[in-house]
Amino acid sequence: MIIKAVNVIESRLPFSHDDRLGFLTFCPTNLGTTIRASVHIKLPKLAKNRDQLEAIAARYNLQVRGTRGEHTESEGGVYDISNKRRMGLTEYEAVKEMQDGILELIKMEKAA
């Protein structure tokens, strides 16, 4: 059903697409693949210091959000962690980078 609706919309109003950049959207962070892979994860030990959690996540090209999206707080110590990079890599690479970073965060949480 949704595919039909999208196809009807695109037949009347084509989506902007660039062969190199991918689909062009109103949000510059969604250029390219627009893949935002994310996981909700509880990191109570690492999250004791939000700045430190964000610094660790940045090392793995990850973004930390609250459970209700950008600029929200964590609920019950659960965070939405997603890939920060969306341009210059394939969908597989974006998801793999996020997965590798999450696995490192889990290791660090267990070691803390």
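**Close-up views of the sheet, its helices and the core**

**View 1. Pairing of β3 with β5.** Five bridges join β3 and β5 in the antiparallel sense; strands count as paired if DSSP finds at least two bridges between them. Isoleucine 41 has tyrosine 79 of β5 as its bridge partner. Strands (E, at least two residues) and helices (H or I, at least four) are DSSP runs numbered from the N terminus. The model is predicted, so local features need pLDDT of at least 70 and side-chain atom pairs pLDDT 80 or more, while totals for chains, interfaces and linings use all residues. Residues are numbered from 1 along each chain as its sequence is written, and side-chain values use heavy atoms, without hydrogens and water.

**View 2. The open sheet.** The order of the three strands is β3-β5-β4, with antiparallel pairing. β3 (38-42) and β4 are the edge strands, each pairing on one side only. On average, neighbouring strands are turned by 30° against each other, direction ignored.

**View 3. Helices on the sheet.** α2 lies across β4 and β5 and runs at about 150° to β4. α3 packs on the sheet and touches β3, β4 and β5, its direction making about 140° with that of β5. Angles run from 0 to 180 degrees between N-to-C directions, with axes fitted to C-alpha atoms, for helices over the stretch in contact (heavy atoms within 4.5 Å).

**View 4. The largest nonpolar core.** Among its 15 residues, Leu53, Ile81 and Leu105 touch the most other members. At least two residues come from each of α2 (50-59), β4 (62-65), β5 (78-83) and α3 (91-111). Beyond neighbours within four places in sequence, leucine 105 contacts Leu43, Leu46, Leu53, Ile56, Leu62 and Ile81. A nonpolar core is a set of buried Ala, Val, Leu, Ile, Met, Phe, Trp, Tyr and Cys residues joined through side-chain atoms within 4.5 Å; buried means under 20% relative accessible area (1.4 Å probe, protein chains only).

Methods: Buried < 20%, exposed > 50% of the residue type's maximum accessible area, 1.4 Å probe, protein only.
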